[in-house]
Amino acid sequence: MNFIQKMKKHGFLFQELVKRDFKTKYKGSVLGMLWSIISPLLILLVMNFIFSNFFGATIEHYVIYLFCGNILFSYFNDATNYGMTALLWNADIFTKINVPKYLFLLAKNVQALINFGLTLIVFFIFCAIDGVPFTWRFLMLIYPIICILLVNVGVGLILSALHIFFRDVAHIWPIFTMLLMYASAIFYDVRSFPPTLQKLLYVNPVYQNIVYFRDIVLNGFIPSFGYHMFILGTALLLIAIGGFIYHRFNWRFLYYV
Amino acid sequence: MSVLDVRDVSIVYRVGDFKDIGLKDWVVKKLKGTYYAENFYADKHITFSLEKGDMLGIIGSNGAGKSTLLKAVSGIMRPTEGEVICNSNVVALLELGSGFDGELSVKENTFLRGALLGYTRKFMTEKYDEIIAFSELKEFEDRPFKHLSSGMKSRLAFSIASFVQPEILILDEVMAVGDGGFRKKSEEKTREIIAGGATTILVSHDLTQVRDMCNKILWLHKGEQITFGTDVQQICDNYEAFLNGWNSLEEIKEIYG
């Protein structure tokens, strides 16, 4: 059976898993849901308050510049942190019932995607308020969104497997993401950096997509075809690594729980 | 034609320090050379086959390899050697505690579990009222699952699972469900499912139950197949004699060659 057939077969289960994750996260409260939008906004506010004095003068539309970085990084942070526990927390299920194990991770990713979607609406409202000109190019934002989604799923697959093998990954990952945040040029401008360092930042898949976002929203141009291939390639590579681990250990995960 | 054919199946199980370990412990143990991991055969050369409508009782003391064998039958594990040939697509495994979420309501849990067992949404919507009525939990349907007593939880689990018309039904020590009244009801329901032509595998430490219900029997001891046959009473007698210490393992093995 291929992936599509499997998803069709397990569609009902997938929906129920998404529902379950959603309900357990917010315990059924509307405020819980709202909180996931408010919290990135508050972070934005704090960052703007602190950094606008340092960088605000040289970067146009600094709030939007910040927001571009923040929104993508928050999405990555949410998706990977929820996703990390996907396997272990569902060990009860996959050791007893024969279901595709990636369903658990995908369900968590749906949740992160919904949060991201809501924040994205706020993002566009901010753009309008700040007088950023909306053009047809904004439609191209779907491309980095798809890429970051694939990145999140790929990293989620890798992480959730690692988390089964080594439990302290749960403590290491937040530290790693903090490092990644500083390497995502969320609040600073890379132009003052030496060229090699600027290039090095492109190793970071979150940064890759932030750059795309800013090119469209703030710089008013669509990145080159090569750049499209580059960021999609990174995303697919991560998916491939994660998929390989899941495939390889599919029958062995249950020994670890 | 047989519904289930288990041919010379051996299953390796892996135990050791990799379970519940952190990266740090792993490195320390590797360096100290105290890291321990071992493969062992949980099941060795098991062979049996079941026809439509058969009820198989699996007996054997703890660590006999019963649960591992059932995992291979239900497709959660792959046999290391030999093969499991299963011509029926449905294998309903009645495992009581797993796959429920304490935070969700009883109704939500019913749907989630139905989805896990491979039912469709349509089926669940149609059968929900019947299921909840059978479990006698109608008045609790909107309460969080964690508020239920363990007897109630078992009742719900049994009710959900019993509403499939499975081709193969696996009952892993789940027959003694709930209080006296419900226990009787659940036994009746099980008989009904069996009468409907399902092939059933029963794992039970209650020999009276096995004698009453099964027409085939498989005796496992430390992963080895002592015997498989249709003379249920005779094998149960020998098993009891072995448990009471009247017959040694050698004597038993001699009987069955």
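Biologist: Is B:Glu136 buried, exposed or partly exposed?

Modeller: Start by counting neighbours. A residue is buried if 20 or more other C-beta atoms lie within 10 Å of its own, and exposed if 12 or fewer do. B:Glu136 has 16 other C-beta atoms within 10 Å, so it is partly exposed. Keep in mind that this is a predicted model.

Biologist: Where is B:Glu136 placed in chain B?

Modeller: Look for the elements on either side. B:Glu136 sits in the loop between α4 (121–135) and α5 (150–162) of chain B.

Biologist: What is phi of B:Glu136?

Modeller: Phi of B:Glu136 is near 60°, a positive value in a residue other than glycine. B:Lys222 can be read in the same way. Phi of B:Lys222 is near 45°, again a positive value in a residue other than glycine. B:Lys222 lies in the loop between β8 and β9 (224–229) of chain B. B:Lys222 is partly exposed, because 16 other C-beta atoms lie within 10 Å.

Biologist: How many residues of strand β3 (residues 55–59) of chain B are buried?

Modeller: For a strand, apply the burial count residue by residue. Five of the five residues of β3(B) are buried, so the strand is largely enclosed by the rest of the structure.

Biologist: Which strands do bridges join to β3(B)?

Modeller: Follow the bridges, then note the direction. Four bridges join β3(B) to β7 (residues 199–203) of chain B, and these two strands run parallel. Another partner is β8 (residues 216–221) of chain B, joined to β3(B) by four bridges and also parallel. B:Ile58 stands opposite B:Val203 in β7(B). The bridge partner of B:Ile59 in β8(B) is B:Trp219.

Biologist: Now chain A. How many helices and strands does chain A have?

Modeller: List the elements before anything else. Chain A has 12 helices and zero strands.

Biologist: What does the radius of gyration say about chain A?

Modeller: Compare the value with a rule for a compact globule. With 257 residues, such a globule would have a radius of gyration near 18 Å; chain A has 19 Å, which agrees. The C-alpha trace of chain A spans about 60 × 45 × 35 Å along its principal axes. Of the 257 residues, 36% count as buried.

Biologist: What share of contacts in chain A joins residues at least 24 apart?

Modeller: Set aside the contacts between sequence neighbours. Among contacts between residues at least 6 apart in sequence, 81% join residues at least 24 apart. One pair in space is A:Tyr143 and A:Phe213, 70 residues apart in sequence and 9.5 Å apart, C-alpha to C-alpha. A:Tyr143 is in helix α8 (residues 142–165) of chain A. It counts as partly exposed, with 17 C-beta neighbours inside 10 Å.

Biologist: Which residues does A:Val257 touch?

Modeller: Leave out residues up to four places away in sequence. A:Val257 then touches A:Leu88, A:Ala91, A:Thr95 and A:Ile164. A:Val257 lies in the segment after α12 (225–249) of chain A. Its C-alpha atom is separated by 9.7 Å from that of A:Trp89, 168 residues apart along the chain. With 14 C-beta neighbours inside 10 Å, A:Val257 counts as partly exposed.

Biologist: Which residues touch the most other members of the largest nonpolar core?

Modeller: The largest core has 84 residues, and A:Cys68 and A:Leu72 touch the most other members. Helix α4 (residues 62–84) of chain A gives the largest share of this core, 14 residues. Leaving aside neighbours within four places in sequence, A:Cys68 is in contact with A:Ile210, A:Phe213, A:Arg214 and A:Val217. A second, separate core of 38 residues includes B:Ile46, B:Ile58, B:Cys86 and B:Val203.

Biologist: How many residues of chain B are in contact with chain A?

Modeller: Count each side on its own. 28 residues of chain B are in contact with 22 residues of chain A. On the chain B side, α3(B) gives the most, with five residues. That side divides into 12 nonpolar, six polar and 10 charged residues.

Key: Residues numbered from 1 in each chain as written. Chains lettered and ligands numbered in written order. Predicted model: local features only at pLDDT ≥ 70, side-chain atom pairs only at ≥ 80, totals over all residues. Rg over C-alpha atoms; globule rule 2.2 N^0.38 Å. Contact = placed C-beta atoms within 7 Å. Nonpolar A, V, L, I, M, F, W, Y, C, P; charged D, E, K, R; others polar. Pairing = 2+ DSSP bridges. Core = buried A, V, L, I, M, F, W, Y, C linked by C-beta atoms within 7 Å.
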